[in-house]
Amino acid sequence: MLTCDARETWIQFLEFAKKRCSLTAYENWLAPIKVIDSSAERICLEVPNIFVKAYLLDNYLKDLCSFLPVTSEGEPAIEFIISDQTNHKQQLPQRTVSIVAEENTEFELKLNPSYRFDTFIEGPSNQFVKSAAMGIANRPGKSYNPLFIHGGVGLGKTHLLQAIGHHVKEHHKKLKVQCITTESFINDLVNSLRDKSVDKMKRFYRSLDILLVDDIQFLQNRLNFEEEFCNTFESLINQNKQIVITSDKPPGQLKLSERIVARMEWGLVAHVGMPDLETRVAILQHKAAQKGLSIPNGVAFFIAEHIFSNVRQLEGAINRLTAHCRLLGQKISEELVEQTLSELFQTRPKQKVSVENILKTVSTMYEVRVSDLKGTSRKQNIALARQVAMFLAKEMMQESLVMIGASFGKTHSTILHACKTIENKIKTDKSLRDQISLCRRNVDQS
Ligand code: ADP
Ligand code: MG
């Protein structure tokens with residue numbers, strides 16, 4: 001009977017791969033792999049580190065399946081031994097059950113109960129990062145490692161990080177997960193240095209299956225702590241344990257050692273951006289519903305149009321509105337929103353806006369002349385453009401209606417009427433809303 005040992009097919013695979021990658025890639029990645037053991041059903045490979053394993057599986061999974069024996073799940077039947085890890089194991093003392101119990105109580109996992117995947121609203125700016133986070137939560141240590149999430153303040157990084165924690169806690173009960181801020185890591189380290197219990201702390205962190213680290217930017221300029229963090233990081237990665245990191249900037253912009261930056265860039269670097277208008281509205285509605293508040297769509301758009309740089313501010317707006325409605329027993333209306341949230345709305349640079357800028361932008365957008373905007377023509381497209389210009393003037397300029405009216409050669413009641421008309425239309429007319437947003441951005445930048 002002709003049985004083929006996997007060792008032979010491995011050699012055939014190497015021949016095959018050699019023709020498909022550069023010589024350097026071959027020498028760096030494939031040549032160092034050693035066959036430790038093999039049979040017709042499986043092969044055992046020793047790789048120098050986890051990255052070589054990842055490289056092999058990421059680039060050659062299909063080919064491995066056609067050359068090597070496969071498991072019943074259709075995956076190549078390879079057992080990996082990581083040589084780093086074998087060395088490491090020898091250095092680490094054997095841990096006993098009692099240590100686990102003792103350490104678990106001391107390093108309790110604290111998560112915000114509302115930071116879960118199902119409360120995280122998805123939109124184009126965060127879809128990718130959310131699905132990467134979910135991928136990791138489902139298969140920790142088996143996909144991207146580390147996952148590095150970066151983006152501005154208040155855009156949901158901590159929310160996603162903790163959502164991974166919740167998911168793992170519920171779906172992989174045996175895995176040991178810890179979620180820390182970089183600051184608490186530093187504090188733990190300082191305390192354990194004081195109590196002479198550094199070894200215990202190191203043992204704890206290095207025994208984790210999943211380490212979630214929030215706000216790594218705080219490790220910058222903390223040289224002594226950087227080294228310990230780096231050791232923990234490498235020890236976990238080498239053991240194929242999952243690490244997820246958040247930061248306010250991408251790895252390359254962090255003032256940390258090249259070694260750690262390179263390691264952080266190794267896995268998947270994902271950006272979380274500011275949600276677009278529609279997503280902001282969905283977030284508002286969701287947060288309001290959680291508080292038992294129902295916001296009319298028009299009002300939600302109105303708030304989301306004005307708060308555009310930070311999801312935390314959207315939450316602040318909802319909290320303030322809830323308080324007002326409850327305390328004063330008022331219904332939510334645009335007037336109430338303007339009264340209660342006007343301070344939050346001041347983030348837009350209003351002072352520099354002039355009527356001329358608005359007229360110029362609107363005339364370009366609607367392809368009408370500036371003189372038409374100031375004139376009296378009732379042609380539909382001109383009349384609409386004029387109303388949009390008036391609406392924007394009222395919104396963007398800190399001027400009275402009378403003054404704005406004067407710049408258009410109209411009375412203040414004409415301006416008021418125009419504003420009401422547009423406000424009503426944009427509640428249902430998405431394309432008008434988009435046109436106005438575009439004009440607004442142009443005026444802001446001019
Ligand atoms: P970061 O860590 O990026 O500064 P957080 O994760 O603390 O931001 O998010 C700030 C607040 O905004 C949190 O209360 C969070 O629940 C909320 N948030 C951010 N993005 C979303 C989203 N896409 N869906 C729901 N809530 C969000
Ligand atoms: Mg955060």
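**Close-up views of the predicted model**

**Surroundings of Glu-41.** Leaving aside residues up to four places away in sequence, Glu-41 touches Pro-69 and Ala-77, where contact requires the C-beta atoms of two residues, placed from the backbone, to lie within 7 Å. This is a predicted model, in which local features need pLDDT of at least 70 and side-chain atom pairs count only at pLDDT 80 or more, whereas totals for chains, interfaces and linings use all residues. Residues are numbered from 1 along each chain as its sequence is written, while chains are lettered from A and ligands numbered from 1 in the order in which they are written. Glu-41 sits in the loop between β1 and β2 (43-47), helices (H or I, at least four residues) and strands (E, at least two) being DSSP runs numbered from the N terminus. With 11 other C-beta atoms within 10 Å, Glu-41 is exposed; a residue is called buried if 20 or more other C-beta atoms lie within 10 Å of its own, exposed if 12 or fewer, and partly exposed in between, with C-beta atoms placed from the backbone.

Leu-57 belongs to helix α3 (residues 50-67) and is partly exposed, with 15 other C-beta atoms within 10 Å. Leu-57 and Pro-76, 19 residues apart in sequence, are 9.3 Å apart from C-alpha to C-alpha. Ala-31, in the loop between α2 (23-30) and β1 (34-38), is exposed, with 12 other C-beta atoms within 10 Å. The C-alpha atoms of Ala-31 and Val-311, which are 280 residues apart along the chain, are separated by 49 Å.

The shell around ligand 1 holds 17 residues, of which the closest are Gly-156, Lys-157, Thr-158, His-159 and Val-311. Two or more residues of this shell come from each of α7 (157-171) and α14 (311-328), a residue being counted as near a molecule if its C-beta atom, placed from the backbone, lies within 6 Å of it. By class, eight residues of the shell are nonpolar, six polar and three charged, with Ala, Val, Leu, Ile, Met, Phe, Trp, Tyr, Cys and Pro taken as nonpolar, Asp, Glu, Lys and Arg as charged, and the others, Gly among them, as polar. Because domain 2 (98-271) and domain 3 (277-347) both give residues to the shell, ligand 1 lies between them.

Phe-229, Thr-232, Phe-233, Ser-235, Leu-236 and Ile-237 are buried in α10. Just after this helix, Asn-240 takes a positive phi of about 70°.

Most residues other than glycine have a negative phi, and most peptide bonds are trans. A cis peptide bond, with omega of about -5°, joins Asn-145 and Pro-146, and Pro-146 is found in the loop between α6 (127-138) and β4 (147-150). Asp-215, in the loop between β6 (210-214) and α10, has a positive phi of about 60° although it is not a glycine, and is partly exposed, with 18 other C-beta atoms within 10 Å. Glu-367, in the loop between α16 (355-366) and α17 (370-374), has a positive phi near 50° and is exposed, with 8 other C-beta atoms within 10 Å.

**Confidence along the chain.** The protein averages a pLDDT of 86, and 92% of the residues score at least 70, pLDDT being the predictor's confidence in each residue, from 0 to 100. Among the elements, helix α5 (residues 97-106) has the lowest mean pLDDT (44) and strand β7 (residues 242-247) the highest (98). Over residues 86-104 the pLDDT is below 50, and this stretch has eight contacts in the model beyond near neighbours in sequence. Where pLDDT is low, the predicted coordinates should not be read in detail.

Definitions and conventions
Domain bounds come from an automatic or database domain assignment.
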